[in-house]
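These are notes for a colleague who is opening this structure for the first time. Please read the points below with the sequence and the model side by side.

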Amino acid sequence: MRYDFSEEQIGFRDEARAWLQENISEEVKAEVEEEPMEPQGPHAKAFLKKLAESGWLSIFWPREYGGKGLSTVKQTIFINELRRCGGPPLTLTMTSVVPTLIRIGTEEQKEYWMPKILRGEAEFAIGYSEPNAGTDLASLQTKAVLDGDEYVINGQKTWNTFGHVCTHQWLACRTNFEVPKHKGISIFIVPMDNPGIQVRPIECWGDAITNEAFFDNVRVPKEYLIGERDRGWEYMRIALDFERIYIAAIGRNEMLFENLIRYCAETVIDGEVLAKKPIVRHRLARLATELEVHRLLGYRIAWLIDQGQEVTKEASQLKIFASEFRQRLADSGMQLIDMYGQLNWRSKWAPFKGELERAYRFVPVEKFGGGTNEIQRDIVAQRGLGLPRPDKVIMELVKKWMAERPQ
Amino acid sequence: MDLGLSQEQKMLSEEARKFLSKEWNATKVREAACSETGHDQVLWDKMVALGWLGIIIPESCGGVGLGMVDLAVLYEECGRVLIPTSFYSTITGVLAILQSGDEPRKQDSLSRIADGSLRMTLAVSEPQAIHDPAFLQTAAVFERGQYTLSGTKLFVPDALASDELFVAARISPTSRLEGVTLFLVEKDTPGLQITALQTFGGEKQYEIRLDSVRVKPESILGTPGDGWTVVEETLDRATALQCAEMVGGVERVMEMTVQYMNDRYQFDRPIGSFQAVQHACADMSIEVDAARELTYQAVALIDQGLPAKMEISMAKAWTGETYKGVTLTAHHLFGGIGFSREHDLYLYSSRAKATELSLGPGDHHLGVVADQLGI
C-alpha cells in the first residue's frame, strides 16, 4: 500500500507538466479564461489539436487503437496537470465518448471513429436529455426508425452542451416501443452536417452556453447505431460513469484553493492579514481537508478502474462530493474575500480574476448535471449499499393490495 | 500509488475478523465496561499468542517486525468489535519506545510487551495542559542520584490495567520551553495514586497523582529534556492508528444500520426503500469511505517515513466527525430500538464521541492543518 506517487508516476507528471507549460501559451490561457468550460478561440483549438497530434490524448487508449494503454491513474495525473497549467478542459468526447466506445463499440466502429476523434474530425455533443426526460431519462422519446439501410431520426433534445460547436451528436434514441422504456433505447452517432438538424443556444447563469437541438427526418447509415440495438441504456450508464468522474476532476479545485489561500495570506483588511484571523484559518483548514478527500476519492476511482473493478458506486459518490464541495469552496471563498466577492470576473478589483464568482455561478450544473445528486444518492444506496429499489417495493405492494381487495 | 492492501494484509484482516468474532462480543464489551480495569486477560493472552502485541516490534526484540499498515489493519478489526483499550495503550507504549531510539529500553521492555507480560500507558495530559508542553507542571527534581516526580496527570488511559507508565515531567522547572522528559514509572511505586475518572461511556481513564515518586535516572526514556519530541511523534502515530480503530467502528455501524433499514418494515415495506433513508445512508457511505482513505493514507505515509503530520490531522478531524456523525444518524434511523441499551448501538456511539475527543478533537487538528498549510 502506498498513497504517494511512485517515481515513475512523478516522472510522467513532470514530463507532462514540462510539455504543457511549453505549449500552453498566454493566448491559450487568455482564451480559456474567457470561456473556461468550452473555449472556442483559435489558440485553444490549435492547442487541443497539437495535444492530439503529439499523442498526449491517445496514450491512455488501448494499444490496438493506437494508444499506449497508460493507466487511469496517469490519465488522472495528466488531466490534473492540464488544468493546473491553464489549459482548456478535455471535452466530453475524450472523457466520456471515447472510453465508452472502446468498451461497447464494434471493431469496425472503433476502427472508423477513433482515428477521426483523434484528428479532431469528430467532436461530440451529448444528446440524452429531452424536455420531458430529464432525471427520468429513460422516458426519452426521440425516435429512430429503420428505413432500408438508414435510420430516420425525429425528436428534440435539450441541455445539449457543445451542440452549437460540435461536429457530431452522441444521441440516445428510442428504437423499440414494444418493450419497457429502459430496454428500447439505442445510441447513435449523428453528423451535424446531415440535413434536418437545428440548434438553438440557451445562455446560462454560469456564462455557459447549452442548446436545444431539433431532429427532423435526419437520416444516418445503420452502421451509425453504436454497439447493439436496444442496449443504449446500459451504454449511457457506462458513459455517465465516466462523465461523472470527469465532472469531478480535481485540478480546478486545487487551483482555486491555492489561489484562495495565497490571497488570504497576502491580503490585509482592517489592519490584519486575513489568514491570521482564527475563523479564516479554520475555514481554510476545513476546505483543505475536504480538498484532500476530493483528491483521494478521485484517485481511488482511477486506481480501481486500473484494477479492473466496477466503479458505479464510487463514481456517484465522487460526483456528489466533488460538486457539493466545489459549491462550499466557492461560497466560503466568496465570504472570505468579503465585499470583493460580489465583483464580476471582468472587474480589475476582482481577486484572482473572479474565479470564485464564476465557480459559484457555474457549480449548480455540476450538482444536477450528469444525473442529479439525488439520483446519485439513489445509486449509492441501491447499487452500492444494497438497499431496496422503491419502485420494485411498490410494485410488490400494489400486487399485495390488489390481492387483498374485497371482491 | 497502490491503494489496496497486500495479499498478506488481506489475510491478516480476515483472520483477525474471524478470531475476534469468536472471542469477543457485545456482552463482553458491556462486562469489560463494568469491570474495574476494563482489561480482559483471556482475550489478551490469545492476542499475544497471535503475535498482535509484537506486530511492529522488531524481530530482534521478540516481535514480528511488520509495519504500521499491518497494525492499522488490526486496529480496524478491533474497532469493529470494541475490544478493551488496554491493547491500544500498550501499543502507544511501544510507539514511544521505538520513537525514543532508547536501545536498553528496547531490549528490556519490547520483548516483555511482545510476550504479553508487560502492559503500558502514556501519562501526558494535566488538568491545565493537554496539547502544549509549555504548560506541563509535573516536575522531576534531581537530588541524591534520584528523580522525584510530583504533579497530577489526567485522562491517562488504562492506567489500572498497565504495569508501567511513561510519565511526562519537566526536569527544568524554570523553563517553559524545554526540559520535558519521559520517565518510566512502575504502577505500584510508592507515592503514585490512581483514581478512575467517571466517563460517560465507561472509558477507562484515570487521574494520577504523583506525590514525591522516586525513580532512578535509568528510568528516563531516551534523552533527558527531549521527551516532547518523542511524545509528539508517538501521539501522531497513535492518532493515525486510532483513526483506523474508528474506521472499523464506523464501518460496523454503517453495516448494522443498512441491515436494519432492510429488515425494519413500516407501511408494509422496508424503511430502507424510502428515499429520505437512502440518502442519509448514501451520505454516510461517502463520509466513511473518505475516512478510510484519509486514514490509510496517513498510516501508509508513516510507514514509508514520509512527512504525514498534515495528513494525520486531516484524518483525525474527518474521521472523528464521521464516526460520531454516523452514530448520531444511526440513532435517528434506528429510532427507539437503537436508543435502548439492549441494543449495541450506544456502545459505538459512546466510543465514537470518546475517540472524537481523545488525541485532539477536530478543531485542534484543523489548527494543525492550518499550521501545516503555512498560514
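1. Two residues are taken to be in contact if their C-beta atoms, placed from the backbone, lie within 7 Å. On that basis, and not counting residues up to four places away in sequence, I24(A) touches K29(A), F47(A), C85(A), G86(A) and G87(A). The model is a predicted one.

2. I24(A) sits in the loop between α1 (7–23) and α2 (26–34) of chain A. Is I24(A) buried or exposed? A residue is called buried if 20 or more other C-beta atoms lie within 10 Å of its own. I24(A) has 21 C-beta neighbours inside 10 Å and therefore counts as buried. From I24(A) to G370(A) the separation is 346 residues in sequence and 29 Å in space, C-alpha to C-alpha.

3. The division of chain A gives domain 1 (7–90), domain 2 (125–230) and domain 3 (248–391). Between domain 1 of chain A and domain 3 of chain A, the C-alpha centres are 22 Å apart. Their contact takes eleven residues from domain 1 of chain A and 14 residues from domain 3 of chain A. On the domain 1 side, the largest share is eight residues, which come from helix α4 (residues 72–84) of chain A. The residues on that side of domain 1 of chain A are three nonpolar, five polar and three charged.

4. Chain B is assigned domain 1 (7–119), domain 2 (122–226) and domain 3 (229–373). The C-alpha centres of domain 2 of chain B and domain 3 of chain B are 31 Å apart. Where these two domains touch, twelve residues of domain 2 of chain B meet ten residues of domain 3 of chain B. The domain 2 side of this contact holds six nonpolar, four polar and two charged residues.

5. From its first C-alpha to its last, α7(B) reaches 53 Å over 37 residues, close to the 54 Å expected at 1.5 Å a residue. The helix α7(B) is mostly covered, with 28 of its 37 residues buried.

How values were computed: Residues are numbered from 1 along each chain as its sequence is written. Chains are lettered from A and ligands numbered from 1 in the order in which they are written. This is a predicted model: local features need pLDDT of at least 70, side-chain atom pairs count only at pLDDT 80 or more; totals for chains, interfaces and linings use all residues. Domain bounds come from an automatic or database domain assignment. Ala, Val, Leu, Ile, Met, Phe, Trp, Tyr, Cys and Pro count as nonpolar, Asp, Glu, Lys and Arg as charged, and the others, Gly among them, as polar. Helices (H or I, at least four residues) and strands (E, at least two) are DSSP runs, numbered from the N terminus. The expected span of a helix is 1.5 Å times one less than its number of residues. A residue is buried if 20 or more other C-beta atoms lie within 10 Å of its own, exposed if 12 or fewer, and partly exposed in between; C-beta atoms are placed from the backbone.
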